[in-house]
Amino acid sequence: MKDFLKKIKKYREFSNVDEIVRRYFVMNGFDGILTVLGIVIGSYIANVKDPSIIIITTISTCVAIGISGFSGTFMGERAERKRYIKILERKMLTKFNSNIINESARFASFYSAIIAGVSPIIFAIIILIPMFLTSFGLIPYIIAFYGLIGISILTLFVLGIFLGRVSKENIIVWGIKMSLIGLFATLLLFFIGIVFNL
Amino acid sequence: MLRRIILDVLKPHIPTIMDVAKEISKLKFVEGVHIHTYNRETKVESVRIAIEGKKLDFKEINKVLEKMGVSVQSVDVVHAGKRIIKESPNSY
């Protein structure tokens, strides 16, 4: 197990994958959060207030986003890494068989794809907590609805803190920036709903 | 019985020369490694690797280098026998 972790650490270091993974994590997490927000507000406007329908719709949509994220990232990363290896081989006038560069490139594609695939699903499940509570009959729907919007904005704030730490800037400013995006999306969705309901 | 070899190799920037040195020194028969970069290009760099030991196994060394994505261009210096002969500047 220790050897396995050591190997992974080495692959991460050699493939310089951490930076890319952070990017995919935030990007796809953002996708997940706003998708859930969109579906939930859309359902509310369309007068669909059955939590089980909302949960099933959002989770299946986020799984689809996850699969899309996984496959898109995997193929994109693989192509980029293969290109890099081809350039190296040409520069070095050699053909790589199985070496640490090949292995870490393979690892990097897989690792970033997993993060890109799992991130929207995780975020979706986190912000769907109020809906789960409603489906168990613990809280009324309206509280779950506004709670979900609140949790989404809070999750975006946490994601902003994470980005603030990555950029080594003020984490609160980053958090607020991200929350504002969530707030803007929410207001826009309500506005669209009002327009359609006219 | 190989005692000391100097290789001229071409390698990508990553793994670094520190990684390569550590990997070579893990070999049982290796007593010391010295790596010196003498040319850096955009994606690759040329380095000179000196390896010392009691009974160097070139095949094993080459295997490690291949595993690290390093390609041996030439074997520039070889020392073999019971003792390492000190090189004089006029020997080449």
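Helix axes are lines fitted to C-alpha atoms over the stretch in contact, and angles run from 0 to 180 degrees between N-to-C directions. Helices (H or I, at least four residues) and strands (E, at least two) are DSSP runs, numbered from the N terminus. The model is predicted: local features need pLDDT of at least 70 and side-chain atom pairs count only at pLDDT 80 or more, while totals for chains, interfaces and linings use all residues. Residues are numbered from 1 along each chain as its sequence is written, and chains are lettered from A and ligands numbered from 1 in the order in which they are written.

**View 1. Helices α6 and α7 of chain A.** α6(A) and α7(A) pack with their axes 7 Å apart and at an angle of about 145°. Their crossing is right-handed; a crossing is right-handed if the near helix is turned clockwise from the far one by less than a right angle, and left-handed if anticlockwise. Residues are in contact if their C-beta atoms, placed from the backbone, lie within 7 Å. On the α6(A) side the contact includes A:Ile149, A:Leu156 and A:Arg165, and on the α7(A) side it includes A:Trp174, A:Lys177 and A:Thr186. By class, the contact of α6(A) with α7(A) has 14 nonpolar, 8 polar and 2 charged residues. Ala, Val, Leu, Ile, Met, Phe, Trp, Tyr, Cys and Pro count as nonpolar, Asp, Glu, Lys and Arg as charged, and the others, Gly among them, as polar.

**View 2. Helices α2 and α7 of chain A.** The axes of α2(A) and α7(A) (residues 171-197) come within 10 Å and cross at roughly 30°. That makes α2(A) roughly parallel to α7(A); angles under 35 degrees count as roughly parallel, over 145 as roughly antiparallel, 65 to 115 as roughly perpendicular and the rest as oblique. α2(A) passes α7(A) in a right-handed crossing. The contact of α2(A) with α7(A) has 8 nonpolar, 5 polar and no charged residues.

**View 3. Surroundings of A:Ile41.** A:Ile41 lies in α2(A), which spans residues 18-45. A:Ile41 counts as buried because it has 22 C-beta neighbours inside 10 Å. A residue is buried if 20 or more other C-beta atoms lie within 10 Å of its own, exposed if 12 or fewer, and partly exposed in between, with C-beta atoms placed from the backbone. Leaving out residues up to four places away in sequence, A:Ile41 touches A:Thr186, A:Leu189, A:Phe190 and A:Gly193. A:Thr186 is 145 residues from A:Ile41 in sequence, and the C-alpha atoms of the two are 7.7 Å apart.

**View 4. Helices α2 and α4 of chain A.** The axes of α2(A) and α4(A) lie 7 Å apart, at an angle of about 35°. This crossing of α2(A) and α4(A) is right-handed. Among the residues that meet are A:Val21, A:Tyr24 and A:Asp31 in α2(A) and A:Tyr111, A:Ile115 and A:Pro120 in α4(A). The contact of α2(A) with α4(A) divides into 14 nonpolar residues, 5 polar and 1 charged.

**View 5. The contact between chains A and B.** In this contact, 10 residues of chain A meet 11 residues of chain B. On the chain A side, α3 (51-92) and α4 (100-127) are the elements that give two or more residues. α3(A) gives the most, with 4 residues. The chain A side has 7 nonpolar residues, 2 polar and 1 charged.

**View 6. Nonpolar cores.** A nonpolar core is a set of buried Ala, Val, Leu, Ile, Met, Phe, Trp, Tyr and Cys residues joined through C-beta atoms within 7 Å. The largest has 27 residues, of which A:Val21, A:Ile115 and B:Val9 touch the most other members. Elements that each supply at least two residues of this core include α2 and α4 of chain A and β1 (2-12) of chain B. Its largest share, 8 residues, comes from α4(A). A second, separate core of 25 residues includes A:Val40, A:Ala124, A:Ile149 and A:Leu159.

**View 7. Backbone exceptions.** Most residues other than glycine have a negative phi, and most peptide bonds are trans. The peptide bond from B:Ile14 to B:Pro15 is cis, with omega near 5°. B:Pro15 sits in the loop between β1 and α1 of chain B. A:Asn16, in the loop between α1 (2-15) and α2 of chain A, has a positive phi near 55°. A:Asn16 counts as exposed, with 11 C-beta neighbours inside 10 Å. A:Lys168 has a positive phi of about 55° and lies in the loop between α6 (141-167) and α7 of chain A. A:Lys168 is exposed, with 7 other C-beta atoms within 10 Å.

Key: Two residues are in contact if their C-beta atoms, placed from the backbone, lie within 7 Å.
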